[in-house]
Amino acid sequence: MNLNEFWDYLIPGISLGALYAVIAIGYTLVYGVLQLINFAHSEVFMVGAFAALLVFTKIEPSNPSGLMSVGLVALGFAVSGLAGAGTAFALEKVAYKPLRVRNAPRLAFLISAIGASFFLTHIAGKLFGRDPKPIPDLFVNKKVFEIFGARVSVLQLIMVGAAIVMMIGLDLLVNRTKMGMGIRAVAQDAETAGLMGVDINKVISRTFVIGGLLGGCAGFLFGLNSQVTYTMGFFPGITAFAAAVLGGIGNIRGAMIGGMVLGIVESFSAWQFGDEWRYVSAFAVLILVLMFRPTGILGERLGRTA
Amino acid sequence: MSTIETPDLSKAPAANGDASTAKPLLELRDLQVFYGAIQALKGIDVTVREGEIVTLLGANGAGKTTTLRTISGLLTPRAGEIRYGGERIDGVPAHHVVSLGIGQSPEGRRVFPMMTVTDNLLMGAYRFKKVPQSDLDRVFELFPRLKERRSQLAGTLSGGEQQMLAIGRAMMGRPRLLLLDEPSMGLAPLIVAQIFSIIKEINAGGTTVLLVEQNAAQALKLSDRAYVLETGSVLVSGTGEQLLADPRVREAYLGEGAGG
């Protein structure tokens, strides 16, 4: 085992894991309040990436650097975050709320989720073309510093930094604000929260918007890291969902931990066994953990939202 | 403790006509509620006047909890009406009903298990923009036990403490009408006595109380008036004293030594 290589794979693992963590929060938040797996969340992520792609292909930034780059990245977050939040909001209103109002069985929600996911995937393919496209360069992605010979790039710093900011922000929102208290109350006992004056529909809507905002931003970062295409949501989505389950579905801090674990496991298995083992090992870890802790790393019977 | 202390004085309002001339705060008229095809309430009439303690008695499945859940907006009646302070409130969603001044301690207490005692109490005041410390202090005064445990997670409290928390949480919303669903359920007699004396204290402080109970003897001693429900209809109603003396009530609810 080569120590330099260890760092070479740890750093991309962490930045990938940070993205999984941010996407996983979207799954776990919605599950917390609705006990529903929003399988279309992966498409919220994809829409976020497309929003950034469309805006930046229009702007066509030429060799941006310095303050210009900072502005462009901020714009990217704003556009993709808004697009993600808007998509998630609409998704809830169109695909889930009508079912909730009519007290539909659980299976109907699941089918609706999968249907919405396919719909969004293929409408994006139809509208924006089916070839992967790169987001134009927003900054010079050079090496910032080295850890034991492993390079840390500007993009990796942005990915990890943004993820940390989003996770801390969300944690504060959920645990320190009145809105967050309403979300936690609905997650623990929706009916009683209603008796206390919490408008459950509003809380549900907000969790979709918050999850969508994070998912859209993650899509932007993922697009910068690779390319943007209509099917790009699938693998990160399913992995982030697995991360949420691994951490204990419904538990926000669990989703963060689960995301980091899967990102790092993926990267290390690509190093040790070859790239084709990436997903195999990540999901093997998921199954192994669940065999011994069926409720996930931080999952408890009562604890939904940490 | 309250000024109303002795057993005979506690029934004074109804006996001397104070409460019976008071304005009705809550009126249920021919209220009918269905679960699917099953009719849970077959047209009941209940009146709660300002300042009273009124009890709904009855066996499991009689419709007591259904009645409370309909008042608080969790269920929508198929027919009949609910008037609160003269206004129709049937069909108003639950999160609006609480802001009308109707607080509830639900069946099974339903505290938020992963929140601290203080956060649970703050949830009770969710409808207010700001929660004055004096509101918390008032609840802690009623339930000193909750003050000791204020930073503990509610899920770790004993049954009696959870019941105190559920009532305290409802009081945080400064209710005019307090709905209590079986506050004595599963609690030791000593704790039940304690809870009932606190209910009396809350009532003496000006809050009208609608109580659902299976513990007939104790509840009737506490109440100004009561209604006995049986399979979705009102079987008999009257003052607490009248019902304590009523042979039908004695046979059905006191004969088996229910709590008393």
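This is a predicted model: local features need pLDDT of at least 70, side-chain atom pairs count only at pLDDT 80 or more; totals for chains, interfaces and linings use all residues.
Chain A contains 10 helices and two strands, which follow one another along the sequence in the pattern α-α-α-α-β-β-α-α-α-α-α-α. The radius of gyration of this chain is 19 Å, close to the 19 Å given by the globule rule for 306 residues, so chain A is as compact as a globular protein of that length. Along the principal axes, the C-alpha atoms of chain A fill a box of roughly 55 × 45 × 35 Å. Buried residues, those under 20% relative accessible area, account for 53% of the 306 residues of chain A.

Helix 7 of chain A spans residues 200-225 and comprises 26 residues. The distance from its first C-alpha to its last is 37 Å, close to the 38 Å expected at 1.5 Å a residue. Because 19 of the 26 residues of helix 7 of chain A are buried, this helix is largely enclosed by the rest of the structure. The N-terminal end of helix 7 is capped by A:Asp199, a side-chain oxygen of which lies 3.2 Å from the backbone nitrogen of A:Asn201.

Three cavities of 30 Å³ or more were identified. The largest cavity holds about 50 Å³ of space. Chain A contributes A:Leu195 and A:Met196 to the lining of the largest cavity, and chain B contributes B:Val98, B:Gly103, B:Gln104, B:Gly124, B:Ala170 and B:Gly173. By class, this lining consists of four nonpolar and four polar residues, with no charged residues.

Definitions and conventions
Residues are numbered from 1 along each chain as its sequence is written. Chains are lettered from A and ligands numbered from 1 in the order in which they are written. Side-chain values use heavy atoms; hydrogens and water are left out. Helices (H or I, at least four residues) and strands (E, at least two) are DSSP runs, numbered from the N terminus. The expected span of a helix is 1.5 Å times one less than its number of residues. Buried means under 20% relative accessible area, exposed over 50%, partly exposed in between (1.4 Å probe, protein chains only). A polar contact is a pair of N or O atoms within 3.5 Å; within protein, one must be able to donate a hydrogen and the other to accept it, and residues adjacent in sequence count only if both atoms are side-chain atoms. On a 1 Å grid over the protein atoms alone, a cavity is a set of points where a 1.4 Å probe fits but cannot get out, and a pocket is an open set with protein on both sides within 12 Å along at least five of seven lines; lining residues have an atom within 4 Å of a point. Grid points are joined across faces, edges and corners, and a volume is the space filled by probe spheres set on the points. Ala, Val, Leu, Ile, Met, Phe, Trp, Tyr, Cys and Pro count as nonpolar, Asp, Glu, Lys and Arg as charged, and the others, Gly among them, as polar. The radius of gyration is taken over C-alpha atoms; the globule rule is 2.2 Å times the number of residues to the power 0.38.
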